[in-house]
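Reader: I would like a close look at the aromatic rings in this structure, with whatever bears on their surroundings. Please keep to what the model itself shows.
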Amino acid sequence: MRKNIKPQIRELTLENGLDYPNDEELLMMILGSGTKDFPIRSLAQKVNDVVDSTYGDELITRLKDLKGIGLNKALQVAAAIEYGRRKNECVGVRISNAGDLFPFVQNYSLKEKEHFICVTLNGNHEIIQINVISVGSINSSVVYPREIFVTALKDGAAAMILVHNHPSGNILPSKADVETTRKLMKASNLICIPILDHLVINSTSYFSFKEKGLLFTKDE
């Protein structure tokens, strides 16, 4: 009989947030269950010890060799760790110009539909979070200013940078892109969270509204 994760860990996490469980309890939720010989908590402790002492490509091999884990659970844990790393490697990075930001949003250029993104920054212009605001079609996206500014306020942002991809690969902004940026700039002035730039991206390059003199801050 398999010994599953105790429900109260899930319940307490739902009630208190993801920062509530310790590392082993997070691993218990990732693993889901233990075995007859290896209860879930004991298994999570062993996995945690391996994760803390292993770097790079050796992780999957060492996890797989643990009794009670096997290949599937080893991949599960390694994939969760890699996903978290990718999502958080940008946090705290200071952005001085469009070129600084591009590597952290470049992956969205591979999407088959337009993704509109709000990158929130603190007072030092360090990245707080990269937020997907909306997903549109292959050649357009619907942008609601309310969603952008609610996100910025939720993140406690002092500034933000807007980004969207063009699946066609053409990074020149459309008339709709320019008009949308004008409207968002006006709204940002009212709530005092400035938009520092708006990037249109493809897989290899970007168009910066600021660098091209299209980031209007007033009724110009």
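Author: Phe 207 counts as buried, at 9% relative accessibility. Buried here means under 20% relative accessible area, exposed means over 50%, and partly exposed lies in between (1.4 Å probe, protein chains only). The model is predicted, so local features need pLDDT of at least 70 and side-chain atom pairs count only at pLDDT 80 or more, while totals for chains, interfaces and linings use all residues. Residues are numbered from 1 along each chain as its sequence is written, and side-chain values use heavy atoms, with hydrogens and water left out.

A search of the whole structure gives two aromatic pairs. In one of them, Phe 102 and Tyr 206 are tilted, with 5.4 Å centre to centre and 45° between the planes. Phe 102 belongs to helix α6 (residues 98-105) and Tyr 206 to strand β5 (residues 206-208), so this pair ties together parts 104 residues apart in sequence. Helices (H or I, at least four residues) and strands (E, at least two) are DSSP runs, numbered from the N terminus. Phe 102 is buried at 9% relative accessibility, whereas Tyr 206 is partly exposed at 25%.

Phe 207 pairs with Phe 209: the ring centres are 5.7 Å apart and the planes stand at 85°, so this pair is edge-to-face. Rings of Phe, Tyr and Trp (its six-membered ring) pair if their centres lie within 6.5 Å; planes under 30 degrees apart count as stacked, over 60 as edge-to-face and the rest as tilted. Phe 209 is buried, at 0% relative accessibility.

Lys 154, exposed at 61%, forms a salt bridge with Asp 155, the closest N and O atoms being 3.1 Å apart. A salt bridge is a side-chain nitrogen of Lys or Arg within 4 Å of a carboxyl oxygen of Asp or Glu. Asp 155 is buried, with a relative accessible area of 16%. Just after α7, Gly 156 has a positive phi of about 65°.
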